[in-house]
Amino acid sequence: MTAPAISVKNLSFRYPDGVPALEGVSLRVAQGERVALLGANGAGKSTLMLHLNGLHESRGEVEILGVPVLRRNLKLVRQRVGLVFQNPDDQLFCPTVFEDVAFGPRNLGLPESRMEEVVTHALAQVGLPQAAQRSPLHLSIGEKKRAAMATVLAMEAEILCLDEPTAGLDPRGRRELMDLLKALSQTLLVVTHDLELARSLCSRCVIMARGKVVAEGETSDLLGRQELLLEHGLA
Amino acid sequence: MHFTPGHDHYHEALETGGLDARAKIVAWLGLAIAGVLTPWGQWPVLGAYGACWLLLCLALAAPLLKVLRRVIAASPFFLLLAVLLPFRPLEPGDHALALGPLTLSAAGSELALDMAAKATLSVACVAALASTESLAGVTRGMQRLGAPALFVTLMNFTFRYLLVLREETQRMKRARDARAFGGRWLWHARVVGLMIGSLFLRSIERAERVHQAMASRGYSGGAFAVSSRALSGAEWLLIASCLLLFVVVRLLPL
């Protein structure tokens, strides 16, 4: 049996000020699966996402493709899991888009001779082939979001975790991003409250509320249950 | 520098002639250092360095008018330092100059002129560098030249997030003013103070998120790697001829 892409067991986390963010969360995502993680603001979705990359440590078990997320495995885990943050200004911190996309591969030790090729490929994948020498400051939000995607695609991550990928995008930006996501073969975990996105992209949905997983199932089934969506602030 | 949102400050300065930033940094920094090291009172040497500056501007196709505008914009800051020097008390060997009702120290005045000239030359060199190379190029070049990585990283981040912060401030101000805030009286200071505090907290939180984004891409502290290549013949030629020129100017019996 192949290991699941993401396996979270009984994960609990409190912020330093004592506010509980996750309480006994368990989650399993198979390889190649596309799962939407739904929930109202403050449900713990983003906090859970940070755990998948070892950015938060707490009680419970997190495994990525069978490898436990522990300090000694961080490099491997961070190569396998690409996090795309909600605000692309947090993710794009270099003077040029090229430097930003090259940042991850450089940290992984990719030789400079291959950098140009890897960066060009990643930017072409997200439809920004001309942006390499531009400053992230001067991209539109849609372009920033796609450049942020390129920064993790360049690391050849097998699992992509996207935090609100369509937030703040205009309809065209949103459509372009959805087309891009549909074309990807990686395992996807999409944190969102965009139900349309979940419907058209993900086969399975997980709903979180107050730090707990409260429902999960087939997208078509789950998103048809109006009272469930209302209860958890999704409709 | 004046920041205009939507304007590409990184790339408005084209990388002239495709020369590596390292060559330009050495040339301009070399000229600034040569100027500052000129013993005071040697006006012809300083004048010759001024001519070198013009020559280098022409050689690197720097936009002269824009560079001069930048120098003038920055001049109050460095000229202020020199303004008080002529008023220093007379020392033995000094003599007084009368300027209307004022008595000036001759030595102090010369020192002031010397400082002003050297400061102008240095700022002109930096302004010219900034106009012939993008900021990203300058910081990369500095790192390749061995500038402390922390300093280079800090410079990059400052530039990267200055505009983001500015936009955040503007959004906050707009939100504040939209609720009929005048902001003219002393009791409004509290609101301004709260805004500054909130900007500070937001910046800390942003810093944390940026760090998470960096860590999630395998960053574990230390300098960002930059690619490097050997300097070309043209670049070595620029460096060598500039440094030679600066030394020769100093040694000429001017």
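This is a predicted model: local features need pLDDT of at least 70, side-chain atom pairs count only at pLDDT 80 or more; totals for chains, interfaces and linings use all residues.
## Reading helix packing and a sheet

The buried residues of helix α7 of chain B are B:M195, B:L199, B:R206, B:V210, B:Q212, B:A213, B:M214 and B:A215.

Q: What covers the buried residues of α7(B)?

A: The cover includes elements of both chains: α1 (45-51), α2 (74-80), α3 (88-91) and α4 (97-107) of chain A, together with α6 (149-177) of chain B.

Q: And what span does α7(B) reach from its first C-alpha to its last?

A: Helix α7(B), residues 189-215, reaches 39 Å over its 27 residues, close to the 39 Å expected at 1.5 Å a residue.

Q: Let's move on to pairs. How are two packed helices described?

A: By two values: the angle between their axes and the distance between the axes. Take α1 (residues 21-36) and α8 (residues 233-251) of chain B: their axes come within 9 Å and cross at roughly 5 degrees. Angles under 35 degrees count as roughly parallel, so α1(B) is roughly parallel to α8(B).

Q: Which residues of α1(B) and α8(B) meet?

A: On the α1(B) side you will find B:A23, B:K24, B:V26, B:A27, B:G30, B:L31 and B:A34, and they meet B:E235, B:L238, B:I239, B:C242, B:L243 and B:F246 of α8(B). By class, this contact has 10 nonpolar residues, one polar and two charged.

Q: At what angle do α2(B) and α3(B) pack?

A: Here the angle is about 135 degrees, and the axes of α2 (residues 43-59) and α3 (residues 64-83) of chain B lie 11 Å apart. That makes α2(B) oblique to α3(B). The contact is made by B:W53, B:L54, B:C57 and B:L58 of α2(B) with B:L64, B:V67 and B:L68 of α3(B). Its residues divide into seven nonpolar, no polar and no charged.

Q: Now the sheet in chain A. What is the order of its six strands?

A: Follow β6-β7-β8-β3-β9-β10 across this open sheet of chain A, where the pairing is mixed. At the edges are β6 (81-84) and β10 (212-218), each of which pairs on one side only. Ignoring direction, neighbouring strands are turned by 15 degrees against each other on average.

Q: How many bridges join β9(A) to β10(A)?

A: Six, and strand β9 (residues 204-209) runs antiparallel to β10 in chain A. To trace one of them, look at A:A209, whose bridge partner in β10(A) is A:K212.

Q: Which strands does helix α6(A) touch?

A: Helix α6 (residues 141-153) of chain A packs on the sheet and touches β6 and β7 (159-163), its direction making about 165 degrees with that of β6(A).

Terms used
Residues are numbered from 1 along each chain as its sequence is written. Chains are lettered from A and ligands numbered from 1 in the order in which they are written. Side-chain values use heavy atoms; hydrogens and water are left out. Two strands pair if DSSP finds at least two bridges between them. Helices (H or I, at least four residues) and strands (E, at least two) are DSSP runs, numbered from the N terminus. Axes are lines fitted to C-alpha atoms, for helices over the stretch in contact, and angles run from 0 to 180 degrees between N-to-C directions. Contact means heavy atoms within 4.5 Å. Angles under 35 degrees count as roughly parallel, over 145 as roughly antiparallel, 65 to 115 as roughly perpendicular and the rest as oblique. Ala, Val, Leu, Ile, Met, Phe, Trp, Tyr, Cys and Pro count as nonpolar, Asp, Glu, Lys and Arg as charged, and the others, Gly among them, as polar. The expected span of a helix is 1.5 Å times one less than its number of residues. Buried means under 20% relative accessible area, exposed over 50%, partly exposed in between (1.4 Å probe, protein chains only).
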